[in-house]
Amino acid sequence: MNRDARALSSVPLWVWLALGLSVGAQLAFQSTRQPAPPAAADLAPPPPVQALRLASFGEPEASARLLMLYLQAFDLGGGNALPYKNLDYRRLTGWLRAILELDPRSGYPLFLAARVYAEVPDEARARIALEFVYQEFFKDPNRRWPWLAHAALLAKHRLGDLALAHRYAAAIDHYTTAQDIPLWAKQMEIFILEDMNELQAAKIMIGGLLAKGAIRDPAEVRFLKERLDELEARIARGKKK
Amino acid sequence: MTSWYRCAWRSTSFEARRGGLPWLALASIAFALGLAAFLSQVALTESLALQASIVAALLRACAVFLIAVQVASSTLRELNDKALERMLSLPLSRSTQYLGRLAGFALCGVALAAACAAPLLLWAPAGTVLLWAVSLACESALVAAAALFFSMTLAQLVPAIAATAGLYVLGRSIAAIQSIAGGPLAEASLPHEMARWVLDAVALLLPRLEAVTRTAWLLYGPPDAGAYAAALAGLVVYTGVLIAAGLFDFHRRNL
């Protein structure tokens, strides 16, 4: 507080009124404008990577993560019962590709593609998301194999496309060279060909990743545990029927 | 001479305290931590990396902005209050006065960098945070030198801050601008080639700020020692250029 200020009583009444009315008008006006969650149609075409790099002012890591939060808000929630069902997946994967180029070491775009966008109940859209994961895998196989492994499981159990699942599993086997890649990932092809249900396979994969310490982020651990619970509940419901 | 430097540090730190710099720094840290905590609630993965990157990027920008505004406002107040003329009547050379003032501001920048780096210990190892903090301290010293130079030369608050901000923003984005100009989609015409040469010439006059105080160090491990030393050496060289230019202008100044 400024020590040189005069007493409040020195402010004329009409100024008090003007201040009160203008603040009231501002609150009333803003309360009528509750922003709606962005709809699928609002997703603009992805900007060029160079433009994103320029706009990030030398902070590509922070910008990439903020862009991911921006992207995942589209077509999610509100009156939308099936998230992401209306998104233009070509546009979406364009965004994911641009963000991944902005920070190639971030796993967020691939995580979202494999574990969220590829799990929509729409085969055509799921295939676009899976293909994105497959194409991006080749740029850094030793870091990106976990998402392709999940893509292989989805291809087998959700799409029922054994050939596609086999292609993904074979890519992991052929192109990963790091010593710390678990044996089950290298032998994913056997995993795919075995008569194993989706829950068993997911349990081996997620359990393996958690046990190996590959997933340490609390948000991701929570997300994967919730997914496992959902899967268990879905399979239990299927058995009852 | 040493007592003059001590006196300059005391005076700039007093100015900083009087201007509320410590409180502004604390408010920036609280805001960055709050924003990072909020955003991590909606992240499905990499929530810790998101928090670290948001806090680092925001605090870096805040530290630089605060030091630039502090230097510009403090210097221009001295100019307007004729305090500078009184100081010049002291038996000290102009170089000593200029360097003493800059040393005081640079130490403020170091203190600000240390305060901004401290919260990052929540997400990254101490050694990496120390490298980041040293880099931010050098970056703040460069910005302090730029703000002092522009304040002395332009003698107006808004143009001085605008010029410092312009130099800083260009320094951080010039690599991206050059990569756009040299991209494969760029047409191979003479005007375009000339524009590219002009850009390359402008880049020679700017510091490479995109290579320093990088968030990637905190997320993916410390930088290579050679690259780190080269990035910091670039800052030191450019700060030297700004100091020399400032001294040149100050010695020619008729008060």
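Predicted model: local features only at pLDDT ≥ 70, side-chain atom pairs only at ≥ 80, totals over all residues.
Figure 1. Leaving aside neighbours within four places in sequence, L102(A) is in contact with V49(A), L52(A), R53(A), S56(A), P60(A), S63(A) and A64(A). L102(A) itself belongs to helix α4 of chain A, which covers residues 89–102. Pick out P60(A) in this view: 42 residues separate P60(A) from L102(A) in sequence, but their C-alpha atoms are 5.7 Å apart in space. Is L102(A) buried or exposed? L102(A) counts as buried because 21 C-beta neighbours lie inside 10 Å, and the cut-off for being buried is 20 or more.

**Figure 2. Two helices of chain A packed together, α5(A) and α7(A).** Helix α7(A) spans residues 141–157, and its axis lies 9 Å from that of α5(A). The two helices pack at an angle of about 10°, so α5(A) is roughly parallel to α7(A). Which residues make the contact? From α5(A) come L110(A), F111(A), A114(A) and R115(A), while α7(A) brings R144(A), W147(A), H150(A) and A151(A).

**Figure 3. Chain A as a whole.** Stepping back, how many helices and strands does chain A have? Chain A has twelve helices and zero strands. The box filled by its C-alpha atoms, taken along the principal axes, is roughly 85 × 50 × 35 Å. Chain A has a radius of gyration of 24 Å, whereas a compact globule of 241 residues would have one near 18 Å. Buried residues make up 34% of chain A. Among contacts in chain A with a separation of 6 or more, 64% are between residues 24 or more positions apart.

**Figure 4. Where chain A meets chain B.** How many residues does each chain give to the contact? Chain A gives 22 residues and chain B gives 28 residues. On the side of chain A that touches chain B, the elements giving two or more residues are α2 (49–55), α3 (60–72), α5 (108–115) and α12 (218–240) of chain A. The residues on this side of chain A are eleven nonpolar, four polar and seven charged.

**Figure 5. Chain B as a whole.** In chain B, 42% of the 255 residues count as buried. Of the contacts in chain B between residues at least 6 apart in sequence, 78% join residues at least 24 apart.

**Figure 6. The largest nonpolar core.** This core holds 71 residues, and I67(B), A144(B) and A147(B) touch the most other members. Among the elements of chain B that give two or more residues to the core are α2 (21–42), α3 (47–80), α5 (94–117) and α6 (126–154). The largest share, 18 residues, comes from α6(B). Zoom in on A144(B): apart from neighbours within four places in sequence, A144(B) is in contact with I67(B), V71(B), L102(B), F105(B), A106(B) and G109(B). Another core, of 54 residues, lies apart from this one, and its members include Y84(A), I99(A), A129(A) and F132(A).

Note on methods:
Residues numbered from 1 in each chain as written. Chains lettered and ligands numbered in written order. Contact = placed C-beta atoms within 7 Å. Helix = DSSP H or I, 4+ residues; strand = E, 2+ residues; numbered from the N terminus. Nonpolar A, V, L, I, M, F, W, Y, C, P; charged D, E, K, R; others polar. Axes fitted to C-alpha atoms, helices over the stretch in contact; angles between N-to-C directions. Parallel < 35°, antiparallel > 145°, perpendicular 65-115°, else oblique. Core = buried A, V, L, I, M, F, W, Y, C linked by C-beta atoms within 7 Å. Buried ≥ 20, exposed ≤ 12 C-beta atoms within 10 Å, placed from the backbone. Rg over C-alpha atoms; globule rule 2.2 N^0.38 Å.
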